[in-house]
Structure formats: C-alpha cells, structure tokens
Amino acid sequence: MRTTANRNQKPSITIKSNIMKTINETPKNNFFSMRTSLMTMSLLALFLASCADKNANAPAPPPATLPVMDVAYASTTTDTEFPVAIQGKTDIEIRPQVSGTLDKVYVDEGAYVTAGQPLFKINDNPYRQQYNNAVATLNAAEAAVINAQLEVEKLQPLVQNKVVSDFQLKTAKGNLAIAKATVSQSKAVVASAQINLDYTTIKSPVSGYIGRLPKKQGSLVVRQILNI
C-alpha cells in the first residue's frame with residue numbers, strides 16, 4: 001500500500017513541476033493574455049449565474065386579459081334569397097280565334113285576373129260588318145218566306161175551284177220550303193258572325209296570374225299564344 005501511495009503522488013509532483021515549468025517558460029505577454037482570458041471567463045460565469053438567479057426569483061407575468069361577451073339565447077328568423085322562376089300548376093294557352101290588330105290590352109304582366117274577365121280587344125270592325133251583312137241576309141230570307149207563304153195561300157182556293165192546275169200550287173209550296181231553308185241558313189251565318197264578333201274580346205277562361213305577353217297594343221295577332 002505504501003508503494004501505491006508513492007506511485008500516486010509522483011505523477012502529481014511531475015504534473016505540477018511541468019505546469020510551473022511551462023509558466024516559467026511562457027513569455028510575459030502570453031501569460032498576461034491567458035490571465036486576462038481566465039478573468040473574463042470568470043466574470044462571464046458570475047454574470048450568467050446572477051442572471052439565472054434573478055430569472056428564477058422573478059415573479060411570473062400576469063395572464064393576458066381578453067374581452068368577454070355574454071351570449072343570450074333567443075329565437076330568430078333568417079332570410080335567404082334565391083333566384084327562381086315561378087310557374088303555375090296549370091298553364092292555359094289563350095289563342096285568339098280570329099285574326100286582327102290588337103286594339104286594347106286590359107291587363108299587365110303578372111296581374112291577377114278572374115274567370116270571364118276581359119283581357120284583350122281585337123279590332124272588331126271587319127267582323128261587325130260581317131255580322132251586319134248576315135243579319136241583312138236573314139231579313140231578306142224571312143221576307144222571301146212571307147212572299148212564298150202568300151203565293152201558296154193564293155193558289156190553294158184556285159186549285160180547289162180548279163181554276164189553276166195543282167202543279168202551280170206544288171211549285172209554290174216548293175218555293176216556300178226553299179225560302180224557309182234559306183232563313184235557317186241565314187240564321188246560322190248570323191250566329192257564326194256573332195261568334196267571330198264575340199271572339200274579338202278575349203276573356204280569361206280561369207282565375208290566375210297573367211304570364212308573359214308576347215304581343216302589345218297595335219300588334220297583329222294570328223292565333224297567337226298568350227299564356228296565363
């Protein structure tokens with residue numbers, strides 16, 4: 001054990017003597033430079049230690065304050081707008097039954113109308129003249145019936161008294177039948193002219209809203225579709 005202890009001390013003495021020898025052999029400028037560096041490192045270590053102590057002992061910063069708002073519960077209604085095209089459950093096509101110039105438009109697009117309400121008016125002068133002509137023809141046919149009836153009534157006693165032949169009476173009765181048929185035909189023409197005259201006023205067949213009007217006042221309509 002003594003030998004071991006002596007071995008341990010001998011290197012220490014050797015190292016010390018080497019250090020002292022190195023210091024003694026070092027130039028003075030290097031020595032002072034090393035001394036200055038050691039002092040600087042010591043002061044830096046002390047400064048870092050003091051800063052660490054101050055940071056450790058410094059109080060924690062207060063938490064950041066944020067605005068707070070109370071939320072109240074309530075029922076509300078929100079509105080959302082969408083571009084849409086409205087179309088009715090039933091679309092009825094209105095077609096004029098007669099042609100002519102559109103004189104009047106009684107409604108606007110999007111207006112609400114009831115069944116039977118007038119919507120448009122077509123110039124009715126041509127159709128009114130046709131009606132007047134049919135009525136005049138009917139009056140002439142009725143007058144012809146009267147004349148034919150008088151001729152038959154005149155010939156009946158003459159035939160009974162054998163003044164004239166029975167052939168003339170049959171001819172008169174035939175003319176009376178033709179006159180009556182002409183009256184019926186004239187009545188049908190009058191009714192047709194009346195229908196065309198009534199068609200110049202276009203009425204709504206149902207209640208609803210007017211759609212797009214492709215024709216305006218002054219336009220020529222020929223069975224033109226007018227949607228409701």
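Me: How many Å² does the accessible surface of the chain come to, and what share of it belongs to carbon and sulfur atoms?

Reply: Accessible areas come from the Shrake-Rupley method with a 1.4 Å probe; for residues, only the protein chains shown count as cover. Here the surface comes to about 18,100 Å², and carbon and sulfur atoms hold 57% of it. The model is predicted: local features need pLDDT of at least 70, side-chain atom pairs count only at pLDDT 80 or more, and totals for chains, interfaces and linings use all residues. Residues are numbered from 1 along each chain as its sequence is written, and side-chain values use heavy atoms, with hydrogens and water left out.

Me: What percentage of the residues in the chain is buried?

Reply: A residue is buried under 20% relative accessible area, exposed over 50%, and partly exposed in between (1.4 Å probe, protein chains only). By that rule, 17% of the 228 residues are buried.

Me: Which residues of α3 are buried, and what covers them?

Reply: Cover is read from contacts, meaning heavy atoms within 4.5 Å. The buried residues of α3 are Y127, A134, L138, A141, V145, A148, V152, L155 and V159, and their cover includes α4 (166–199). Among the buried residues of α4 are L169, L176, V183 and L197; α3 and β5 (201–203) are included in what covers that helix's buried residues.

Me: How many residues has the largest nonpolar core, and which have the most contacts inside it?

Reply: A nonpolar core is a set of buried Ala, Val, Leu, Ile, Met, Phe, Trp, Tyr and Cys residues joined through side-chain atoms within 4.5 Å. The largest here has 15 residues, with V145, V152, L169, L176 and V183 making the most contacts inside it. Helices α3 and α4 each supply at least two residues of this core, and α3 gives the most, eight. Apart from it lies another core of 14 residues, among them V113, F120, Y127 and V221. As for V152, leaving aside residues up to four places away in sequence, its contacts are L169, A172, K173 and L176.

Me: Is T200 buried or exposed?

Reply: T200 is buried, because its relative accessible area is 0%. T200 sits in the loop between α4 and β5. Beyond four places in sequence, its contacts are V98, F120, K121, I122, N123, D124 and Y127.

Me: Which side chain does a polar contact join to that of T200?

Reply: A polar contact is a pair of N or O atoms within 3.5 Å; within protein, one must be able to donate a hydrogen and the other to accept it, and residues adjacent in sequence count only if both atoms are side-chain atoms. The side chains of T200 and K121 are joined at 3.3 Å. The T200 side chain also reaches the backbone oxygen of L197, at 2.4 Å.

Technical notes: Helix = DSSP H or I, 4+ residues; strand = E, 2+ residues; numbered from the N terminus.
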